[in-house]
Amino acid sequence: MTGDRRALVLGGGGVTGVAWEIGLLYGLAELGVDLTGADLFVGTSAGSVVAAEVTTGVPLDQMYATQRAEATGEIAARIGPTVLLHFAVAGLWPGDRRIGRARIGRAALRTRTVPEAERRAVIARRVGTDVWPATPLLIPAVVAETGEVAVFDKGSGVSLIDAVAASCAVPLVWPPMTVNGTRYVDGGVRSVANVDLAEGYDRVVVIAPMTRAARRADRPDAQAAALGAGVRSVVVSPDSQAAAAIGPNALDPARRASAAEAGRAQAAGAVERIREVWA
């Protein structure tokens with residue numbers, strides 16, 4: 001290994017996760033650690049939004065200012081106990097795990113939600129462009145009907161907005177999104193951060209608004225450790241102050257500004273750990 005191939009993994013976490021990740025990235029850059037120069041980005045669900053913005057050239061200060069602006073015109077929702085139960089069943093499914101993922105995917109297909117077009121328009125406003133970046137970007141999603149995993153990238157033949165919309169399609173909350181005739185649900189159904197997609201990179205920073213998983217092996221820290229003994233990695237998740245700012249509902253737009261500010265504040269306590277891996 002050359003020791004200089006760096007990957008930034010951005011996990012799922014709803015609208016507040018988007019804000020917290022952006023705040024943390026902005027705070028780190030202010031302190032001299034700019035993660036936007038990664039050689040690979042892996043973005044799952046909320047992380048796909050952030051990764052798409054960063055890799056397509058949106059400045060961090062602009063991203064941060066957007067998160068702190070008044071939350072208007074956004075669809076409010078909640079991840080309730082039923083959704084969490086379906087995620088747990090999918091995560092603990094014995095044997096072929098595609099079957100477990102398909103169960104939650106098919107439940108999502110039967111659930112009445114806002115129209116696909118309305119939800120895609122929200123994602124389009126957040127991402128801002130349909131053109132894939134030159135920087136390698138991986139965005140996972142799950143086929144609703146079969147539970148198979150798709151990892152979209154520039155060569156997949158799908159639009160960037162469609163890839164992000166698919167990865168952000170929280171089952172039973174948002175509609176499964178249609179991409180080239182196939183309907184997909186959230187990439188977090190496979191893994192909350194999909195850290196294993198950074199395999200082959202030497203230095204990996206994982207920013208994970210959510211870290212809980214039904215299986216220990218699916219948690220971001222366990223996936224990072226499994227990348228190999230020669231890989232330097234660090235996982236950062238919300239500290240107690242950030243968790244309080246984010247609140248109990250990751251899909252609450254009213255918490256967006258406080259989550260972004262908490263992420264920026266948390267950077268001071270995380271910067272040295274990240275610098276050791278990144279620099």
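Helix H1 is the main contributor to the lining of the largest cavity, supplying 3 residues. Here a cavity is a set of points on a 1 Å grid over the protein atoms alone where a 1.4 Å probe fits but cannot get out, and lining residues have an atom within 4 Å of a point. H1 and helix H6 (116-127) each provide at least two lining residues; helices (H or I, at least four residues) and strands (E, at least two) are DSSP runs, numbered from the N terminus. The model is predicted, with local features needing pLDDT of at least 70 and side-chain atom pairs pLDDT 80 or more, while totals for chains, interfaces and linings use all residues. Residues are numbered from 1 along each chain as its sequence is written, and side-chain values use heavy atoms, leaving out hydrogens and water.

The count comes to 1 cavity of 30 Å³ or more. The volume of the largest cavity is about 120 Å³, a volume being the space filled by probe spheres set on the grid points, which are joined across faces, edges and corners. Among the residues lining this cavity are Gly14, Val15, Val18, Arg119, Arg126 and Trp174. By class, the lining has 8 nonpolar, 2 polar and 2 charged residues; Ala, Val, Leu, Ile, Met, Phe, Trp, Tyr, Cys and Pro count as nonpolar, Asp, Glu, Lys and Arg as charged, and the others, Gly among them, as polar.

Turning to the open spaces, a pocket is an open set with protein on both sides within 12 Å along at least five of seven lines. The largest pocket holds about 1000 Å³ of space. It is lined by 39 residues, of which Leu84, Val192, Met210, Thr211 and Arg212 are the closest to its centre. Two or more lining residues come from each of helix H1 (14-30), helix H4 (81-92) and helix H9 (240-246), and H4 gives the most, with 5 residues. The pocket lining comprises 18 nonpolar, 14 polar and 7 charged residues.

Helix packing comes next. Helix H3 (residues 60-68) packs against helix H10 (residues 256-278) at an angle of about 140°, with the axes 7 Å apart. Axes are lines fitted to C-alpha atoms, for helices over the stretch in contact, and angles run from 0 to 180 degrees between N-to-C directions. H3 is therefore oblique to H10, the term for angles that are not under 35 degrees (roughly parallel), over 145 (roughly antiparallel) or 65 to 115 (roughly perpendicular). In this contact (heavy atoms within 4.5 Å), Tyr64, Thr66, Gln67 and Arg68 of H3 meet Arg256, Ala257, Ala260, Glu261 and Arg264 of H10.
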